[in-house]
Amino acid sequence: MPVSQFGQPKGPKGWLAAHLVARLTGEANRWMVDCLQVGPDDRVLDVGCGPGLAVAVAAGVSEGPVVGVDASDTMVRLARRRNRVAIRQGRVEIRRADAARLPYPDCHFTRAGSLNSLQFWTSPQDGLTELYRVLEPGGRVAVVLMARSDDPPGPGTPRWMEETMDRVRTAGFAGLEVVSQSFGGVVHHALLAIRPAQPSPEKESGAPLDPTADGVRKGAGS
Ligand SMILES: C[S@@+](CC[C@H](N)C(=O)[O-])C[C@H]1O[C@@H](n2cnc3c(N)ncnc32)[C@H](O)[C@@H]1O
C-alpha cells in the first residue's frame, strides 16, 4: 500500500487504507484520548481523525461537543459512519478540513489531539499554530507520532521528532513533555503541551522561543 494512501486516502485503495488504519490503530487512539485527560465537560478536537476512532472514544467520555476533521473525503465518510449515532444526537461533528485552516473560532476547544497525521501536513508549523489558536488558554494538546530509528531521514526519526518539538514550542505551547508507548511493537511518542494562560512574550512579539525552555520527559520504550 503506497504511503500516499495513508496521507490522502482516495478511491478504492484509499478505502482499503482507511479500513487498515481502523484495524491497526485502536489502542493508539485510546492512548491519545487518555493522554489528553478528556473529562466530561471537555470540548475535543481530533485533527486528521481518519476513520474516527479517537472521536468515538472521546465522545464516550465527554458530554461536550467532540469534533473530528480530516482532509480526505474517504476518511470523513468512514468517520461519520462510525460515529453516526453521536452525530444524530448532536454530540459529534465530522468535517472535511485542512489542519492549516481549521473552520472553528479562537479558543473553541479545551482538548486537541492528532495521531499519525502531522507528518502528512503541507505545513506542520501552520497546523500547530492553528491547534494553538482553536484551544482555549489552559487547553491541552497531544500530537502522537510513530517513531522510527532507521534510514532514510524523515518523519519519525529522532531528529525529525526534535524538529517537531521545536515547532510545538514555536506555535506557543508550553510545558512540553514526551511520553512513549509501544503498540504492536511500534513505538509511538506523544508530544504533550498546554496553551498557556498568557501567551509568552516571544509569541506576542513573534520572536523565536528558546527551545531549551521546557523539560522533556522520556517514557518507557523511547
Ligand atoms: C495515517 S492516517 C491516521 C488517521 C487517524 N488519526 C488514526 O490514527 O486512526 C492520517 C490521516 O491524516 C489525514 N490528513 C493528512 N493531511 C491532512 C491535513 N493537511 N489536514 C487534515 N488531515 C490530514 C489523512 O487524510 C489521514 O486520514
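Visitor: How are residues numbered, and what does the predicted model require of local features?
Guide: Residues are numbered from 1 along each chain as its sequence is written. The model is predicted, and local features need pLDDT of at least 70, side-chain atom pairs count only at pLDDT 80 or more, and totals for chains, interfaces and linings use all residues.

Visitor: Which residues of α7 and α8 make the contact?
Guide: From α7 come Pro-124, Gln-125 and Leu-128, and from α8 come Thr-164, Arg-167, Val-168 and Thr-170. Two residues are in contact if their C-beta atoms, placed from the backbone, lie within 7 Å.

Visitor: Why is Gln-37 called exposed?
Guide: Gln-37 has 12 other C-beta atoms within 10 Å, so Gln-37 is exposed. Gln-37 lies in the loop between α3 (26-35) and β1. Its phi is positive, about 55°, although Gln-37 is not a glycine.

Visitor: Is Asn-116 buried or exposed, and how do you know?
Guide: Asn-116 has 22 other C-beta atoms within 10 Å and is therefore buried. Asn-116 is placed in the loop between β4 and α7. Phi of Asn-116 is also positive, near 50°, in a residue other than glycine.

Visitor: Which residues of α7 are buried, and what covers them?
Guide: Pro-124, Gly-127, Leu-128, Glu-130, Leu-131, Tyr-132 and Val-134 are the buried residues of α7. Their cover includes β1 (44-47), β4 (109-115), β5 (135-146) and α8.

Visitor: Which residues touch the most other members of the largest nonpolar core?
Guide: Met-32 and Val-55 do, in a core of 55 residues. A nonpolar core is a set of buried Ala, Val, Leu, Ile, Met, Phe, Trp, Tyr and Cys residues joined through C-beta atoms within 7 Å. Helix α4 (residues 53-61) gives the most to this core, with 7 residues. Leaving aside neighbours within four places in sequence, the contacts of Val-55 include Cys-49, Val-66, Ala-79 and Ile-94.

How values were computed. Helix = DSSP H or I, 4+ residues; strand = E, 2+ residues; numbered from the N terminus. Buried ≥ 20, exposed ≤ 12 C-beta atoms within 10 Å, placed from the backbone.
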